[in-house]
Amino acid sequence: MIKKIPVIDLKQHQAVSGKSGMRDTYQPLNSVFASSSNPLDIAHGLKLNGADEMYIADLDLIESVGHNINDIKLVNTVLPVIFDGGVKNCEEFEFYLDYAYKIIIPTETLESIDEMRKIFEKYPKQRIVVSVDVKDDELLAKNLDLNLVEFKEILKELDPDDIILLDISGVGTEKGYNKELLDKFDDLKEKLIIAGGLNKESLAELESLGIKKVLIGTSLHSGEVKILD
């Protein structure tokens with residue numbers, strides 16, 4: 001069975017939902033797992049329904065307008081958190097290790113490939129997740145002068161255990177996975193965690209293709225998809 005890792009985004013201490021990465025339009029999350037948008041309540045509900053880890057993105061941190069890291073730390077006592085705080089460098093990565101069990105290195109915010117190499121040299125791969133952020137079929141990377149193919153070659157060199165392939169254009173849309181993008185990363189399939197716009201039908205397709213893990217938010221919180229189905 002394909003593993004479904006639940007997703008929430010945090011903004012001003014509550015879980016929020018939105019589409020296609022347009023973060024200024026996000027609204028409080030309505031989830032079948034809790035009666036509020038409080039992240040701790042949602043984590044308890046997810047655990048009761050079979051989740052054994054969850055992904056949290058701190059949108060305030062990513063946009064440098066505040067943080068929710070104390071909420072992250074609390075949730076991490078309920079479910080181990082895979083945390084995206086918009087890590088830029090090795091120093092930030094090290095700081096967040098006290099707040100979550102796995103820390104994401106996102107291409108969107110990473111300062112340089114050298115900083116990523118430092119992280120891989122210093123910390124065990126079990127604590128590292130690389131997120132390949134893609135928007136409009138191009139690598140989203142503010143500070144890296146690389147395309148998707150070039151970045152993939154660096155991933156092959158560093159050999160992470162987990163690689164999130166995130167189609168930001170698909171977030172919240174439930175339109176299904178990006179077939180063309182997945183094809184480009186077919187040779188890293190064993191390591192991939194597919195994310196962005198997944199629905200019930202796409203999960204069965206991805207499983208048939210050999211994908212072992214997905215990140216899932218909208219269709220999980222609406223009740224369309226069950227964690228253990």
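Reader: How do the axes of helix H5 and helix H6 lie relative to each other, and at what angle do they cross?

Author: Two packed helices are described by the angle between their axes and by the distance between those axes. In this predicted model, the axes of H5, residues 113-122, and H6, residues 148-158, come within 11 Å and cross at roughly 20 degrees. Angles under 35 degrees count as roughly parallel, and H5 and H6 are therefore roughly parallel to each other. As for handedness, the crossing of H5 past H6 is right-handed.

Reader: Which residues of H5 and H6 make the contact, and how many of them are nonpolar, polar or charged?

Author: From H5 come Ile 113, Met 116, Arg 117 and Phe 120, while H6 supplies Phe 151, Ile 154, Glu 157 and Leu 158. Sorted by class, the contact of H5 with H6 has 6 nonpolar and 2 charged residues, and no polar ones.

Reader: Which residues touch the most other members of the largest nonpolar core?

Author: That core has 66 residues, and Met 116, Val 132 and Ile 194 are those that touch the most other members. H6 contributes the largest share of this core, with 5 residues. Apart from this core lies another, of 17 residues, among them Val 16, Ala 57, Leu 59 and Ile 104. Returning to Met 116, and not counting residues up to four places away in sequence, one finds that Met 116 touches Ile 105, Leu 110, Val 130, Phe 151, Ile 154 and Leu 158.

Reader: Where does Pro 39 lie, and what is Pro 39 in contact with?

Author: Pro 39 belongs to helix H1, which spans residues 39-48, and because its relative accessibility is 2%, Pro 39 counts as buried. Leaving aside neighbours within four places in sequence, Pro 39 is in contact with Ile 8, Leu 10, His 13, Gln 14, Ala 15, Asp 71 and Val 75. Sequence separation and spatial separation can also be read side by side for one pair: Pro 39 and Ile 72 are 33 residues apart in sequence, and 8.3 Å apart in space, C-alpha to C-alpha.

How values were computed: Residues numbered from 1 in each chain as written. Predicted model: local features only at pLDDT ≥ 70, side-chain atom pairs only at ≥ 80, totals over all residues. Heavy atoms only, no water. Axes fitted to C-alpha atoms, helices over the stretch in contact; angles between N-to-C directions. Helix = DSSP H or I, 4+ residues; strand = E, 2+ residues; numbered from the N terminus. Parallel < 35°, antiparallel > 145°, perpendicular 65-115°, else oblique. Left-handed = near helix turned anticlockwise from the far one by under 90°. Contact = heavy atoms within 4.5 Å. Nonpolar A, V, L, I, M, F, W, Y, C, P; charged D, E, K, R; others polar. Core = buried A, V, L, I, M, F, W, Y, C linked by side-chain atoms within 4.5 Å. Buried < 20%, exposed > 50% of the residue type's maximum accessible area, 1.4 Å probe, protein only.
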